[in-house]
Amino acid sequence: MRRSGAEGVMRIAIDGPAGAGKSTVAKLLASRLGYTYLDTGALYRALTLAALKRGLLNDQTGLVQLASSQEITITSTSNCQRVLLNGEDVTEAIRTPEVSCATSLVARIPEIRELVTAKIRELARGGRIVVEGRDIGTVVLPDAERKFFLTASLKERARRHLREAQKRGFTLSWEEQLRQIEARDQQDSSREVAPLKPAPDAVIIDTTDKTPDEVVEIMLRHLEGSS
């Protein structure tokens with residue numbers, strides 16, 4: 001059901017670290033507004049999957065060449081997204097712990113970020129879309145009409161990721177999951193190109209003690225108050 005007051009919003013950017021709840025909240029918000037949902041991290045994950053299959057993770061030149069030759073297709077609705085890599089549905093394959101750990105290594109390469117940024121801008125050109133990632137409000141869509149930055153405590157984000165991994169059938173220890181989140185935070189926030197940080201005009205929301213529905217309600221109030 002679309003909420004009144006947000007009809008004028010064309011592009012909504014949602015950024016934040018791993019486990020902050022971006023995907024869940026972005027899907028819910030898109031569904032409430034009747035907008036398309038786009039998880040930009042899926043593009044980097046798809047390229048990471050391709051790199052892992054070819055053993056190119058530590059070959060920056062090879063990674064750039066690989067990225068420029070891959071065909072990634074995103075099919076999105078308000079609450080669902082399918083990812084095709086060279087015609088193969090990899091929606092589930094890109095969510096393995098192995099891909100999650102390696103994605104930042106691919107995403108930090110400037111040439112690859114340029115390719116992916118161009119793709120995201122193309123997908124968002126039509127508007128009426130909720131785009132979530134790590135540099136959407138700062139780099140990819142700095143002129144997005146509305147921006148949000150979600151955060152949460154490290155332990156809470158690790159807990160969420162561990163629960164999601166278990167749902168998908170992967171076995172990880174609490175210590176390993178915590179280590180992975182800490183490493184991902186370090187990689188995302190310290191990279192030279194498009195580091196993870198809130199846009200100056202983003203609304204920052206701590207989701208630690210909030211349900212996804214509560215976070216969406218906060219967003220909707222901001223959207224209605226600024227319409």
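Is Ser100 buried, partly exposed or exposed? Ser100 counts as buried because its relative accessibility is 16%; the scale runs from buried (under 20% relative accessible area) through partly exposed to exposed (over 50%), with a 1.4 Å probe and protein chains only. One caution before moving on: this is a predicted model, where local features need pLDDT of at least 70, side-chain atom pairs count only at pLDDT 80 or more, and totals for chains, interfaces and linings use all residues. Residues are numbered from 1 along each chain as its sequence is written, and side-chain values use heavy atoms, leaving out hydrogens and water.

Stay on Ser100, which is found in helix H4. Helices here are DSSP runs of H or I with at least four residues, strands are E runs of at least two, and both are numbered from the N terminus. Leaving aside neighbours within four places in sequence, show what Ser100 is in contact with: Arg45, Arg95 and Arg184. Contact means heavy atoms within 4.5 Å.

Now zoom out to the whole chain. The protein chain has nine helices and eight strands. Its radius of gyration is 17 Å, close to the 17 Å that the globule rule gives for 227 residues, so the chain is as compact as a globular protein of that length. That radius is taken over C-alpha atoms, and the rule is 2.2 Å times the number of residues to the power 0.38. Along its principal axes, the C-alpha trace spans about 50 × 40 × 30 Å. Of the 227 residues, 48% count as buried.

Next, select Ile72, Val83, Ile112 and Val131. These have the most contacts inside the largest nonpolar core, which has 34 residues. A nonpolar core is a set of buried Ala, Val, Leu, Ile, Met, Phe, Trp, Tyr and Cys residues joined through side-chain atoms within 4.5 Å. Among the elements that each supply at least two residues of this core are helix H3 (60-69), strand E3 (72-76) and helix H5 (110-124). H2 gives the most, with eight residues. Apart from this core lies another, of 20 residues, among them Ile14, Ala30, Phe148 and Ile218.

Go back to Ile112 and show its surroundings. Not counting residues up to four places away in sequence, Ile112 touches Tyr44, Leu47, Leu63, Val64, Ala67 and Val106.

For a contrast, pick Thr61 in helix H3. At 54% relative accessibility, Thr61 counts as exposed. Draw a C-alpha to C-alpha distance from Thr61 to Ala13: they are 48 residues apart in sequence and 31 Å apart in space.

Then try Thr151, in strand E7 (residues 146-151). Thr151 counts as partly exposed, at 24% relative accessibility. Thr151 and Gly19 are 132 residues apart in sequence, yet 8.2 Å apart in space, C-alpha to C-alpha. Beyond residues up to four places away in sequence, Thr151 touches partners including Pro17, Ala20 and Ile204.

Most residues other than glycine have a negative phi. Select Asn86, in the loop between E4 and strand E5 (88-89): its phi is near 55°, a positive value. Asn86 counts as partly exposed at 40% relative accessibility. Then jump to Arg128, in the loop between H5 and E6, where phi is near 50°, also positive. Arg128 counts as partly exposed, at 29% relative accessibility.
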